[in-house]
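The following paragraphs lead the reader through selected parts of a structure. Please keep the sequence and the model in view while reading.

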Amino acid sequence: SYLTNFDSLTSQSHSELSALPMEEISWLTANCINQGKLTTSSEVIVESLLGESTVTSLEVQAQCDQNSHCIIPQSLTLVMNSNLNVGGLTLNGGQLSWTDNDPSNNKYSLCAGYVIAQQSSSLFHMKLTNSSSRGIIYIKNNGLSPTSTAGMMMGTRVFGTDMGGNMNIEGSSDMKRTWTLLRDLFGLGDGVIGVLHDVASMGWKVGDRIGIAPTTHGSDGTGQTFTIASILGNNTIQLSHTNPLDQIHEATFLNGGAGGDHGAPPILKSAEVVNLSRNIIITGDDFEHVPCDASIVSSGETSSMGCKCSATRRTTCTLGLHTIHHSHHDQGGGGGSAPGSMKISGTRVEKCGQRGIEGKYCLHFHLARDCPSCVFENNAVEYGHHRGITVHGSHRTTVRGNVVWDVRGANVYIEDGNEMHNEISYNVAVCPHSLSDPILQGCSIPGTSNAGSDAPNAAFYSKAATNDWIGNRAANTYNGMLLDAGTQGQASGQVCASDAALGRWVGNTMHGCSRFGLYTLGHGGNFPKVTDRSIGTNGLNQNTALCDGFDSSESINPGTTDRGYPASFYQNVDYHNVFVGHYNAGDLQHRAHSSINNNNLIYWKETKNFADGCSSHFFDSFYQDGNLALPDQGSIIFSRTKFGQNVHLEFNHHCDVGATGVLCMPQYILDNSVWENDNSNKWISFQAGYNNDGGVLSVAPGQEDLPNGFFPEGYHSVAGSTYSYLLASPGPRKCIDSSPLYGDRFDSGILCNAPLRSFKIYSRGLTGSTAPMLKVEVWFNSLGLLGQNGPANAEQLVGFHMIGDLSVKQGYSFPIMAGLSQSYRISLFDQNEGTTSAIPLDWVIEFSDPVIGNRFGVDDEVYVNVLGRSCGTNGDGLITSQHDRKFLWSGDHFIDDAAWGNFGACATESVDMNPVDCSALVGGNPSEEGSIEASECPELCAASPCNPINSYCHCGIPSTCKCKPSFTGPDC
């Protein structure tokens, strides 16, 4: 349908040439636009008159015609002072200079089938900082392609660099901001908009074309474009025409985080307004469909050598222009070789991308390795058919302040998985088409190498975690910001992508996505660890043993074998999406997260305890109008979190669905959190159908008497109705069936005024058909094991649990009442024989979580008599939440062989873990215990520390303090 409907697709797209005055494009129309393929061509090496070091475009035109491969040799500079039309242009050691020294007469066009700055001494320098200047780079579809001495197939219709060449393009310096937000709602018939920023100060002017993003739910909106007719006072713009659509573009502003407290920014639930006009335009001939070439053979789904046939993906490719900065590292250039540089700023790129051909994108850093001088800034990318901005095999590049509109495929794409410390900041990506439109189908594009990023599309897509994503906004795309950790290309198999440290992910907003807003999907989960990747290793792992789940030396996190490297997603906003979150992910915190009006405010399948023994999964966050589909495994703590209206909690929602989950008995803890939802609907669900009715929710120790809005007065824990043994508890530690008083608010669960915790026994070698039941007996007295003389006061049979056919994830779990007012006896029970038997010595037992004692100062305790084991000191049965958990569940590694029979509660080698000073992890500030700062590297700025209020130490640039959002200038 893409090819069939192509004319309809492109009829909805815009080329800026169609909006320019006729006198500016008459020469292009006559000489360049859609002139067809050349049948003959010749190579011309340009010579200067009288041996001078410069040659003008008029002089070059006298030597090169539209059939010429025109070459500017070493030590010669081409000065643009007129229009120039050649077959192709190569700066082979030479340079091009295009400036607006005479802005009254500087509206020129460069027309060629390709333009390449080749070799490290080459420089394409274009600086038109005066907004009245105009420069058009027009890439023709004339069939010519450059000769690449690096051996890479640059293809046709290319603009860029090769072999370490350099390019510097700077558009008007007047434009200070490329986007703003609506201040007021914009609806049917409106012809004036109010925006958040002063229009003149942004550098916007009458005649500029602007786009207003949709703010509807689930990729079902339509973006609109207008021309600025006049600039009024009070941040208002008179539009060229009124809004013709019966569609509201939202402008709502709410307190962010936990009610706006603790530094969380406000929620700017407002349509993006982007400026799509620039005074430098890179454009070209219309898209062309070409048949695939059966002679192209390569290992990948696509090839850079041309249109590779694929029985499942393409028989035809679609070609526009493409830009590239290409060093020669992929051809054996060493790490010390000059990568060249490319800076394109204040430029419009359109009619770009080559669908079905590898490496042919609208803006592209290609295998530049360490390239801090590689910058794409304040550009407008529109009308693209194969991704917008791509960072491939490159480190420390900057992609800042760009707007991407109507680009099919991923709008910003990090390609191979080894990329490190690239800054992707303050970009706006908008799909202006509804995904439900049968013709437009959103911004999807088929036939690329990665359907996960392109069909349908993601606004921001990355294979690599260790990059900085700051202040970006995504609107109306299928996925908003997708970390799809994995490797491909030259990094294939050489990066532990799922274990990579998380970069700085701060202040991003994703809205209107029909799948996920923020989304992490590592092929082995997302479990960041300390490994040996660096820019010096080209982002590759040297010692893959460092990617293992466990550290037997306990050198990474002293006192534990866990290799985890905790990090946070900080101050992000999600709204009007279907999902937000992760599949399998751990050691990752949502801090100051605002998630509202999403079908699933959080969607998380599986997680783990934090390696630092202190951190919360959610901190200073705000959730409203939607479901929180919560993960299995570990203690999931909500700290200083506010739950607004119409919130529903779904316990371990995906446990035992496919391969996800473990024993389906997580413990959720409310820590200084507030529940403001007062509707009469169901507040929680236990998913009793397939995961043991598992999960417990409790108030944090020491906060039982504080009002929280969730629990009725006198109660502070809830468990599923399956565990009816709890109802036998006498006062004052009592439990009740919630149904008579509260209907299905608590999913008919059991409310308790005692702390409930998870108790798990990990087995091995069992099957569902042969496994016995687990028998749980309880005595409600304070005598410990000595009080187990008579019959138990209550008992419960717990069924065997196994995740699908994954026999490694198996065992028994149930909610246990913590404290010393009761004791338990646990054994295996044969229902046919009616007999009990011992728990095998090699099975692993886990009770609660060390974070309880570390964070809240009181260890969980319980008396247990495990048949066949000796628990506690001298067999007194007293175990605590501080018991040893070595080699137990790193997220991507279930249980190491070393754990069986040796570690866990009541094990032969088990000793209590040393307590962790959680205050020390947050600079000695007790109120911030459990929080995680956005990723930074203060040790690299030890000689001159950054001011933590306004700056942070960059992990990729030693001794460099970078400004936090809302701070600017050399001193921030």
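Is phenylalanine 365 buried or exposed? Phenylalanine 365 is buried, with a relative accessible area of 0%; buried means under 20% relative accessible area, exposed over 50%, and partly exposed in between, with a 1.4 Å probe and protein chains only. The model is predicted, so that local features need pLDDT of at least 70 and side-chain atom pairs count only at pLDDT 80 or more, while totals for chains, interfaces and linings use all residues. Residues are numbered from 1 along each chain as its sequence is written, and side-chain values use heavy atoms, with hydrogens and water left out.

The aromatic residues may be taken next. A search of the whole structure finds 42 aromatic pairs; rings of Phe, Tyr and Trp (its six-membered ring) pair if their centres lie within 6.5 Å, and planes under 30 degrees apart count as stacked, over 60 as edge-to-face and the rest as tilted. Phenylalanine 365 and phenylalanine 376 form a stacked pair, at 3.9 Å centre to centre and with 5° between the planes. This pair links distant parts of the chain, 11 residues apart: phenylalanine 365 belongs to strand E29 (residues 363–370) and phenylalanine 376 to strand E30 (residues 375–377). Helices (H or I, at least four residues) and strands (E, at least two) are DSSP runs, numbered from the N terminus. Phenylalanine 376 is likewise buried, its relative accessible area being 0%.

An edge-to-face pair is formed by phenylalanine 800 and tyrosine 812, with 5.7 Å centre to centre and 65° between the planes. Here too distant parts of the chain are linked, 12 residues apart: phenylalanine 800 is in the loop between strand E66 (794–798) and strand E67 (801–803), and tyrosine 812 is in strand E68 (residues 806–817). Phenylalanine 800 counts as buried because its relative accessibility is 18%, and tyrosine 812 counts as buried at 0%. Elsewhere, ring pairs join a cluster whose members include Trp604, Phe618, Tyr623 and Trp675.

All 6 of the 6 residues of E11 (residues 134–139) are buried. Both faces of E11 are covered, with Arg134, Ile136 and Tyr138 on one side and Gly135, Ile137 and Ile139 on the other. Strand E8 (residues 107–112) runs parallel to E11 and is joined to E11 by 6 bridges; two strands pair if DSSP finds at least two bridges between them. Serine 109 has isoleucine 136 in E11 as its bridge partner. A further 5 bridges join E11 to strand E22 (residues 280–284), also in parallel, and in E22 the bridge partner of tyrosine 138 is threonine 283.

Aspartate 574, in strand E46 (residues 573–575), is buried yet has no salt bridge, and the nearest side chain of opposite charge, arginine 473, is 11 Å away. A salt bridge is a side-chain nitrogen of Lys or Arg within 4 Å of a carboxyl oxygen of Asp or Glu; for charge, Lys and Arg count as positive and Asp and Glu as negative, whereas His and the chain ends are not counted. Leaving aside neighbours within four places in sequence, aspartate 574 is in contact (heavy atoms within 4.5 Å) with residues including Met510, Leu518, His593 and Asn598.

Finally, arginine 825 lies in strand E69 (residues 823–830) and is partly exposed, with a relative accessible area of 26%.
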